[in-house]
Amino acid sequence: MLSSLRTKVRSQLGDGLRSIGQSLGWRSGAPIVLSACLVSATVTVGTAALVWQARDRAETEAGYQLRGLAQVMGDQVDRWFQSVQLLQQIVVQHAETVQMDSVGAVKERGSSEPWHLKLKEWSSFFPDIAVLFIIDSEGNVVNNSAKWPFGPMNLAERDYFAEVRRRNDIPYYVGRPVIDKITGKWMVFISRRLASATGDFIGCVTVGVTISNLEAFYQDVKIDDRMAIALFRRDGVLLARYPQHESALGVVNASSEGVFRRFSTSSLVTSRMKSLIDGEDRYITAKISSRFPLVVSVSRSSDAVLAPWKHEAAQMIAVAAVMDLCVAIATALSLRRIRARDRLANAESYLARHDALTGLANRLNFNEFMTRQITRHKIDGGDAMLLLLDLDRFKEVNDTLGHGVGDQLLQAVATRLGKMLSSDIFLARLGGDEFAFVTGSERHQDVGALASLILQTLSEPFSVASNEIVVEASIGVVFISQCDGDAETILRRADLALYAAKDSGKNNFKSYCPEMEQGLRFRRELEVELRHALTRGELELAFQPLLHLSSGQISGCEALIRWKHPVRGYIPPSEFIPVAEETGLIGTIGEWVLKTACKAAVSWPPHIKVAVNLSPIQFRTRDIVSEVRAAIAESEIAADRIELEITESALIGDSKLTEVALFELRSLGVSIVLDDFGTGYSSLNYLRKYPFQKIKIDRSFVGEIETSQDCLTIVEITLLLAKRLDLLITAEGVETVEQLNLLKALGCTQAQGYLISRPLSAACILDFVRTQSGNAQAA
């Protein structure tokens, strides 16, 4: 391409010079000739440099794209393989529970229909799993999740069986793709070894995944038809690929070993090479799993990658040829000045109406757009809908992870929202963590669908600067037809609906209604009165007893705050605690609750503990360790009688400050309790990382254990997990004798709920404990 550029430039320059020399004479034209030669050399070298820079840029952009997609696909493979391991772990633990610990036990106990039903139930929790086998030591299929009854089947020749039988140094093995004997489909099987107490091989638990499901997923995420996504074993065996290449499944290319050895030392590095599958010249990025023997490769053909560059290079050559014509030089410079001036004007106009951080429309742009919508409404009656979105607890991200991470999170949120919205929806960032959506839809039933879609889109955790951040949002909705004012009036009413959504529990949406104006006034009054409630003695504590199920004795009480307003009566915590958290009063109130609860508990029998709830705000704005130490000293209560309950929201962002505080609290002797277990995103990781002594099963599961098999299964698995981790467990919301008996039979440690007792005053606790102790002894 560069040689053709040189030839074309020299030809046109030579013609131009000859014409100039003939008209001016060589002596008078000598300076022009010299200048033209200099221009020719400059244009040729400069154009060549630009062409190569464009090529490098195209390759760099392709590398960024491939590395990003490879990272995402690699993470997806890790999550998939973790689910396979979890399913196999459930089967192994159940096998240990029923003492299926020998060759004979595997054949005898594992071949029953109840085992088939268990396998079918467990595999149903994992939609990506096609079939689940139990195979005995001779390769015979003892049971499966797919069908019952089933005929004899021997898989001794399959590598996923032979390898786990032959080797005792590997816990699992990923087999070559094969056609399943039951489903008739291409599948990948992963086996986990079953061993006796002495370590002898007694069989294996094998999970099958349909390759077509993996390839369909790859098809959904690929960017264009020239892109290929493939999954390999670490030794180069192809497990799945899109576009499909069935003849290559399970085959190891002769050169693949060397290729993967190179990738193993440079994961997520883009290289250009000949594809091992289709032989096409490609740019390839491989992601090596750090935990599993798997490799995800994402590639794009070099023709597709370099096509924009070739087009751009051709344009550069054409411009260079034109620039070598002496007459066109002045014209080209003039045009470039004009274009630069227009670009500057457009850039200034764009920056004035767009947010510098996210690239979305800004408040000025939003006001102009709303003004047009209001005008249209007045002229032809066309309605429009405004959705005002605010990220819940975004301030915690800035406080714990820094404003740099907060800015990156806002950019990621804006990108994700922009991708999910259709072209007829106007999206703007109004400032901070506040976004606005405007659509011309006049169908009021679309409100719920659009708001739910937005919340669902944001529910998937964001990965920002090595932090996994869970984002929730509240949305306020208003229609132009509900307002007779300007854009600011409409925005103010949307803001009222937004705060109504936050007051109702966050992570939902509310539509504006006139009553919200009164609600805003009430909230402002509540904030003012709450500031004086503590000094006026309007706050008080109630204590709800916790029953130890094995002894039948009261073993603890949870402190619950109440506000007895002199005019409004008792105000529930669900109304004033959010106000306290938003205004910062929660720190002072929380310290009072802690000290008051400890002083009250000193008079109880020494075996009865007191549980106090801590707000996430207390970890971020207060020295919680010093406050707990002071409460212990003032009340002279034993530290091991104090339980501090926190929810997963206190751990969001993986705050190092929170982690240090929890370990310091544990070193004082107090117990750390994870409240509302099972309702968050990362509970299992928290149990591993933080010093918890007890977990509390959320009442949403306990309330349905008699009627919902799903809830019962979740409770059973949670109790098994707690037992394995040597944790105590409390079931919240126990309201029936049947629930209590079922929890006791399952091995639950404590129960709490109205069946045991409603919250009592501190003065009534001693009488209740004596009465309950007498009832337990009589029973």
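Tutor: Happy to! Two strands count as paired if DSSP finds at least two bridges between them. Keep in mind that this is a predicted model.

Student: Let's start with β17 and β18, then. Which residue of β18 is the bridge partner of I475?

Tutor: Strand β17 covers residues 473-479, and β18 covers residues 509-511. The two run parallel, with 3 bridges between them. Within β18, I475 has as its bridge partner F509.

Student: How many residues of β17 are buried?

Tutor: Buried here means under 20% relative accessible area. A473, I475, V477 and F479 point one way from the strand, while S474, G476 and V478 point the other way, and all are buried. The rest of the structure largely encloses β17, because the number of buried residues is 7 of the 7.

Student: Which strands are at the edges of the open sheet?

Tutor: The sheet has 5 strands with mixed pairing, in the order β13-β14-β12-β17-β18. An edge strand pairs on one side only, and that describes β13 (425-431) and β18.

Student: Which helix packs on this sheet?

Tutor: Neighbouring strands of the sheet are turned by 20 degrees against each other on average, direction ignored. The helix packed on it spans residues 487-503 and touches β12, β13, β14, β17 and β18. Its direction makes about 140 degrees with that of β17, and its name is α14.

Student: Back to β12: which residue of β14 stands opposite M385?

Tutor: β14 consists of residues 434-439, and β12 and β14 are joined by 6 bridges in the antiparallel sense.

Student: Now the helices α11 and α12. What is their relative orientation?

Tutor: Two packed helices are described by the angle and the distance between their axes. The axes of α11 (residues 394-401) and α12 (residues 403-420) come within 7 Å and cross at roughly 140 degrees. Angles over 145 degrees would count as roughly antiparallel. The relation of α11 to α12 is therefore oblique.

Student: How many nonpolar residues does the contact of α11 with α12 have?

Tutor: From α11 the contact uses F394, V397, N398 and L401, and from α12 it uses H403, V405, G406, L409 and L410. By class, there are no charged residues and 3 polar ones, and the nonpolar count is 6.

Technical notes:
Residues numbered from 1 in each chain as written. Predicted model: local features only at pLDDT ≥ 70, side-chain atom pairs only at ≥ 80, totals over all residues. Heavy atoms only, no water. Buried < 20%, exposed > 50% of the residue type's maximum accessible area, 1.4 Å probe, protein only. Helix = DSSP H or I, 4+ residues; strand = E, 2+ residues; numbered from the N terminus. Axes fitted to C-alpha atoms, helices over the stretch in contact; angles between N-to-C directions. Contact = heavy atoms within 4.5 Å. Parallel < 35°, antiparallel > 145°, perpendicular 65-115°, else oblique. Nonpolar A, V, L, I, M, F, W, Y, C, P; charged D, E, K, R; others polar.
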